[in-house]
Amino acid sequence: MRNRRSPFALLLLSVALAAGACAQTQPTPWNQLKFPPLPAFQPQQPVRIQLANGMVIFLQPDHELPLISASASIRGGAISEPAAKTGLVSLYGDVWRTGGTKTRTGDQMDDFLEARAAKIETGDGSGSTSVSLNCLKGDFDAVFDMYLDLLHNPEFRADKLDLAKQQMYTGIARRNDEVGSIVGRESAILAYGKDNPYAREEQYATVAAVTRQDLVNWHQQYVHPNNIIFGISGDFDPKAMEAKLRQAFEAWPKGAQAKDPEVKFPPTKPGYYFIEKTDVNQSTIAMVDLGILRDNPDYFAVSVMNEIFGGGFSSRLFNNVRAAKGLAYSVGGGVGSSFNHPGMTNIRMQTKSETTVVGVQALYEEIDKMHDKAPDADELKRAKDQILNSFIFRFDTPEKVLREKMAYEFYHYPLDFLERYRGEIEKVTAEQVQAVAKKYLQKDKLAVLVLGNDPNFDKPLSSLGPVTKVDITIPPPPKELMQQMGMQGPPGEN
Amino acid sequence: MKRSLANALGLLLLALTLPLAAQDLASFEKRVTVKTLPNGLTVLILRRPEAPVFSFFTMVDTGSAQDPLSKTGLAHMMEHMAFKGTPDIGTTNYAEEKVALAKVEQAYAAYEAERIKRVGRDPQKLAELQKEWQDAIAAADKFVIKNQFGEIVESHGGVGMNAFTTYDETGYLYSMPSNMIELWAAIESDRFANPVMREFYKERNVVMEERRMRTDSSPTGRLVEQFLGTAFDANPYHRPTIGYQSDLQSFSATDAERFFHHYYLPSNMVIALVGDLDPDKVMPIVERYFSQLPTEPKPTELTTVEPPQNSVREVKLHEMAQPLYLEGYHRPSYLDPDDAVYDAITDIMSNGRTSRMYRSLVRDQKIAAAAAGFSGLPGTKYAHLFAFYGVPIPGHTNQEIQKAIQEQITKLKTQDVTDEELQMFKTRTKADLIRGLASNEGLAQQLAIYQTRYGDWRELFRYLDKVDKVTKADIRRVANKVFQDENRTIGTIQTVTQPPADAKGAN
């Protein structure tokens, strides 16, 4: 592919270099090395096209391999579903694909695509849904035809809705089996509140309430070109591809503009919360609070603060709680951020039952230290170096650049957000780091969740303060559903 | 079904993709530089100048299967220790630290000798020895610069720093900006030439927490540990990679150091580097730094072979968790001439929504939320298991899953797979190979693994020839050979609402 030199020239060159290398045969100690500057690298930017119907398209050619992949992000996601039908968008994201099109069942699509090692998949998230494709470039036209068919003519066949519901019921029945899933779910509920659309959980009844018509309605309400950001990367000619996409999408009429619901974010209720689990010998601790939005001017100082506090192998949490105290294998965290809603601040560790309270105190101690003193010049520099020197990995593939741009477009962020980020990180001072730690990491505002086997704790959790017990009992399925599924009683008792 | 059309399409696709793969091998052969240094270390460099970054993968051909008796978890512990630095990294004064660390080992040996006494253990003496050991640790700790190794990597732009230990091998990896290649060579060679066992006993506590997390506090973790302990007798695959708690509580830094000197030898390691690297410039740098590793012959191979299983075995776990069904059949190692046939079975049984397990257990019978069959439990280097599992949906049982799996196995043994299924396997294998070429990290890992496992990285591409030769008759023959009842081990989770008495306060 990229072999410009003749083998003979290469041979000469290697002889010359070998001779040169002989002069220096001893290793140099790592701290005496000097590094050449990183070669200037301008990542290829995708071409942005906006169609008259509002659809935004990004084209990112990449000729390394004979593959093409594409994805459409569509506005409207789980936060917009009715609470009584929680799980609707998740079912939609599954059955859109498995339910097939007017003329082809999902199973027929599977046969066609898998024979070509190709994929078309649909998905769902809190604020969006998606349809993606991935194929060898020789198959693109056939696969793209099928993609358009699915985009415009989904059928949401009932048998696949039933299948998807069964999968969700299985997930509900199993949600208390593994520690990670319990703590992940319950800590989000504590941070955001149980009815908040970013934390609420589907239940048997809310899944059972979803009908095929709900999926059809959702599709009609949201899947319009003006709600779509479409990105494509791979081995294609950009002019020809642009023409093909214009042909495919330009005649598609505009529809209703999607609008996210107003979501309220009341402050997290601080305190100690306990989940009893008798079959574990290790406690999981999660300290949570509302985080920030990514367009907050403090975002850059928070990024540096997170790096120092709990990000990666050289953070304070890793160094002090794991390496120096040997209290945990898994420990980390920081102030969370999201594009369009407050992220979740989350400090987490797992430690043996016998050091549970010690573990909570060890995390507190690290928070106190962030408050008490600004990081010294060395620590600040290391944290910034970590972010700045690894910056290249944010855009070292055309695909990553494309995904960043699509995210900024989706959330109405400036498209050069990433380019600006670098300069903003450089400006962060030690005092700013201390200030954001004080502002966003406050012990008395944290909800502290502990899951564990409390008879074996070093001290009762109540020695730290009043404790609220969290009930994680799974609400049983409605009677009709139990009969329909052939269950004698709620899962776990049959 | 429009069988003939599907066939024709399949053949067409085959014609399209085969030359592509051949082309890839040819183009890769020009871009891959391989060199075995005089000390036995094999280095591969693949130039992929898409962006000024590179990834590496260091593969040590030693895993937990090499853990000494009574010292399970030692290979994994050594992996953790490889982040603890060297005489030049992680210390304020190595000369003094070295003396202090020797004292820690002396004190630990004395404490351990008393602790493991069966008869006549003196609790008072034990407490004193423990204190001396802890005091020695505190004295040695004074010289430690915490996590300096990781900090050097991260502050110079390293990302994805990690390592893993499996039954078969130990791997080390991260990515860096390409101007840091000499720093990489300096610290990575130092790490494997001169590791220092500092903070060993705290790291041992960290590993115990890892065990509590992955195994003790997880129903699936508990099932897999018990299942493997039942399925294997002679091969070390019957022991957990993470180690038994009692072994973790016992082994020493001296043990880890001994393990290191025995297995972390250049002749037992392969390093692959992929990215914006000019081999003509980089190979001499690698050579300059890594030549400091000692020349030693490759350690002897494990010779124990798992004897044939001649009766069905079963483990049932009573858990406060939903049911789960798992069964495994012994199969030969990855070097078996039928390796690609097993991959065909995995693909046809398990890959995606067209797979037999999905269509029968999930889609049609509606008894499982997920079901699949796959090779490689718990490793592939030695004879291992081809396993099937099913996750029952509410209202359905492990027995139904077992029966449905048996039906699928019987079908595989008695009827040929279809032309479409076989062709799909071949097409997808080729496409997956192509997709794998898009990442520095993935390529580095693949090159190092194939070089280690076959002595030639080209096997990564040549494997496609073996895939192409797989026939329907091969699949039936192998299924009949392996999927025999007396060759089977069954593992299940059965739901209880109260914890079994012995699990309470598990430790």
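Analyst: Let's start with a term: two strands count as paired if DSSP finds at least two bridges between them. Also keep in mind that this is a predicted model.

Now for the sheet itself. In chain B, six strands line up as an open sheet, and reading across it you get the order E1-E2-E6-E3-E5-E4. The pairing in this sheet is mixed. So where does the sheet end? Its edge strands are E1 (32-36) and E4 (159-165) of chain B, because each of them pairs on one side only. Going from one strand to the next, the twist averages 10°.

E4(B) pairs with E5(B), the strand covering residues 170-177, and the two run in the antiparallel sense, joined over five bridges. To find one spot in that pairing, pick out Val159(B): its bridge partner in E5(B) is Ser175(B).

A helix joins the picture here too. H2 of chain B, residues 74-81, packs on the sheet and touches both E4 and E5 of chain B. The direction of H2(B) makes about 160° with that of E4(B).

If you then step back to see how the chains meet, the contact takes 82 residues from chain A and 86 residues from chain B. On the chain A side, H5(A) gives the most, with six residues. The residues on that side of chain A divide into 38 nonpolar, 28 polar and 16 charged.

Notes: Residues numbered from 1 in each chain as written. Chains lettered and ligands numbered in written order. Predicted model: local features only at pLDDT ≥ 70, side-chain atom pairs only at ≥ 80, totals over all residues. Contact = placed C-beta atoms within 7 Å. Helix = DSSP H or I, 4+ residues; strand = E, 2+ residues; numbered from the N terminus. Nonpolar A, V, L, I, M, F, W, Y, C, P; charged D, E, K, R; others polar. Axes fitted to C-alpha atoms, helices over the stretch in contact; angles between N-to-C directions.
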